[in-house]
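This report walks through a structure by topic, from its ligand site to its ring pairs and its backbone. Please keep the sequence and the model in view while reading.

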Amino acid sequence: MTMASIAWIGLGHMGAPMAARLVAAGHEVHGVDPVPEARAAAAARGIRVAGSIAEAVDGADAVFTSLPRSEHVREVYGGEGGVWATAPTSALLLDTSTVDVTTSAFCHEASAARGFGFVDSPVSGGIAGAEAGTLTFMLGGGADEVARAQALVEPMAGHVFDLGGPTLGIAAKLANNLMLFVSLLGVSEGAALAGSLGLDPKKFFEVASVSSGESWPLRTWYPAPGVVATSPADRNFDATFATTLAQKDLAFAVDAGTAAELPMPAARIALEQFDRLIDEGYGGKDCSLIAKFATADGGVPGFDATSG
Ligand code: NAD
C-alpha cells in the first residue's frame, strides 16, 4: 500500500517490533509510551516518538494500540486526551492487545458512536513473530474496516484472518489460547508419567511427536532439558510466554465461557495452576513451569528454584 501516517500506542515487547515492521515497509510511524527506555528503544528502530497521544494521532491514517491489559486499552481510547478525543475520525483504529470480549465490544460500540472504524486485531506468534513480521492476525469488524486493516497489518503478518464481525478476532485469540493451555496440562502430565515410568525423555518425545500426543506445546515446550531447543526447560524456565500473560488470556477465556454457560473444567484447572504459580512468585517465569504441579515432588527437570 502507499505510505501511510500511523500512530502506535504502546511500544513494549510486541509493539516496538511490530511498529518497526511498518517503518521498514515505508510508513511514517509516530509512537507513544510512558516508559523512557521503551521510547529510546523505539526511536532506535526508526519510530518517531511523540510526547502525547494527541501528537501521535495528528493526521494519522491509522492508530494501533498494543497495551498490557483491558483497563489500559479503555483508558487510552476513552480517557482525557485519548484516541477518541484527539484522532481524526477518518483514522482506522486497530487494537492488537489481548483484551476481554466485553472490552472489545465496548471499543467497537464507542468507536462507532463517535464515527470511527474499529477492528479488534489480536495477534499470535509472540515476540519472535513480531520481530520477524510473521504474526497471525485475527481481525474482527465490519467488512470495509477489516479490508482496510488487512492491508495495514500485512508487513507484520504471516497469516491474516477475517473472522467476520466485531469481537470475533478476540474470540478466536481466546479460544486458541485456551486450547494451548489445556494441551500444555496434558503435555505436563504425560511427560511426568513418562519420566516416572522410566522412559528416556528424548526417546518418549520422539514417539509422542509422531503419534497422537503431538501438539504445539509438546513440540515447543517439552518440559525436560535437552529435548527440544525452544523449551524453557533448557533455560531454567525463563519466560517465552510469561505466566502472568498466560493467566490473563486464560482468565478472559474462562470469563467468556462462564458468560456463555460453558463448564470448561479443564481450562479452570489450568487457570488455578497459573494462579498458584503467580502466588508462589513465578509470574515472570514461563507458563510451562506448571509442569511442576504434575510431578510427585513438585520439581521439574531443568528448573532450579534457587537461581533467578
Ligand atoms: P508490554 O508490557 O511489553 O508492552 C506494553 C507497553 O504499553 C509498555 O511499554 C507500556 O509502557 C505501554 N503502556 C502502558 N500504558 C500506556 C499508555 N497509557 N499509553 C501508551 N503506552 C502505554 O506487553 P507486550 O508483551 O508487548 O504485550 C502487549 C499486548 O499484546 C498485551 O495485551 C499482550 O497480551 C498481547 N500479546 C503479547 C504477546 C507476547 O508474546 N508478549 C503475544 C501475543 C499478544
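## Helix numbering and Tyr-77

Helices are DSSP runs of H or I with at least four residues, and they are numbered from the N terminus. On that basis, Tyr-77 is placed in helix α4, which covers residues 70–78. The model is a predicted one, and what follows should be read with that in mind.

Tyr-77 has a relative accessible area of 0% and is therefore buried, the cut-off for that class being under 20%. In sequence Tyr-77 and Cys-107 are 30 residues apart, while in space their C-alpha atoms are 7.8 Å apart.

## Ligand surroundings

Which residues come nearest to the ligand? Of the 22 residues around the ligand, these are His-13, Met-14, Asp-33, Leu-67 and Lys-248. Lys-248 also has a polar side-chain atom that lies 2.8 Å from an oxygen atom of the ligand.

Backbone atoms take part as well: a polar backbone atom of Thr-98 is 3.0 Å from a ligand oxygen, and a polar backbone atom of Pro-68 is 3.3 Å from an oxygen atom of the ligand. The ligand taken alone exposes 830 Å², of which the protein buries 83%.

## Aromatic pairs

A pair of aromatic rings is described by the distance of the centres and the angle of the planes. The structure holds twelve aromatic pairs. One of them joins Phe-205 and Tyr-222, whose ring centres are 5.6 Å apart and whose planes stand at 70°, so that the pair is edge-to-face, given that planes over 60 degrees apart fall in this class. This pair links distant parts of the chain, since Phe-205 belongs to helix α10 (residues 201–209) and Tyr-222 to the loop between α11 (216–221) and α12 (243–259), 17 residues apart. Phe-205 counts as buried because its relative accessibility is 12%, and Tyr-222, with a relative accessible area of 2%, is buried too.

Tyr-282 and Phe-303 form an edge-to-face pair because their ring centres are 5.4 Å apart and their planes are at 85°. Here too the pair links distant parts of the chain, with Tyr-282 and Phe-303 each in the segment after α13 (265–279) and 21 residues apart. Tyr-282 is buried at a relative accessible area of 17%, and Phe-303 counts as buried at 16% relative accessibility. Elsewhere, ring pairs link Phe-181, Trp-216, Trp-221, Phe-241 and Phe-274 into a cluster.

## Backbone angles

Most residues other than glycine have a negative phi. Thr-167, although not a glycine, has a positive phi of about 75°; this residue is placed in the loop between β9 (157–162) and α9, and Thr-167 counts as buried because its relative accessibility is 14%.

## A nonpolar surface patch

Phe-161, Leu-163 and Leu-168 form a nonpolar patch on the surface, and together they have about 240 Å² of accessible area. Of these residues, Leu-168 is found in helix α9, which covers residues 168–196. With 36% relative accessibility, Leu-168 counts as partly exposed, a class that lies between the limits of 20% and 50%.

Conventions. Residues are numbered from 1 along each chain as its sequence is written. This is a predicted model: local features need pLDDT of at least 70, side-chain atom pairs count only at pLDDT 80 or more; totals for chains, interfaces and linings use all residues. Side-chain values use heavy atoms; hydrogens and water are left out. Patches are made of residues with over 30% relative accessible area and no salt bridge: like charges are joined within 9 Å, nonpolar side chains (Val, Leu, Ile, Met, Phe, Trp, Tyr) within 5 Å. Accessible areas come from the Shrake-Rupley method with a 1.4 Å probe; for residues, only the protein chains shown count as cover. A salt bridge is a side-chain nitrogen of Lys or Arg within 4 Å of a carboxyl oxygen of Asp or Glu. Helices (H or I, at least four residues) and strands (E, at least two) are DSSP runs, numbered from the N terminus. Buried means under 20% relative accessible area, exposed over 50%, partly exposed in between (1.4 Å probe, protein chains only). A residue is near a molecule or strand if one of its heavy atoms lies within 4 Å of it. A polar contact is a pair of N or O atoms within 3.5 Å; within protein, one must be able to donate a hydrogen and the other to accept it, and residues adjacent in sequence count only if both atoms are side-chain atoms. Rings of Phe, Tyr and Trp (its six-membered ring) pair if their centres lie within 6.5 Å; planes under 30 degrees apart count as stacked, over 60 as edge-to-face and the rest as tilted.
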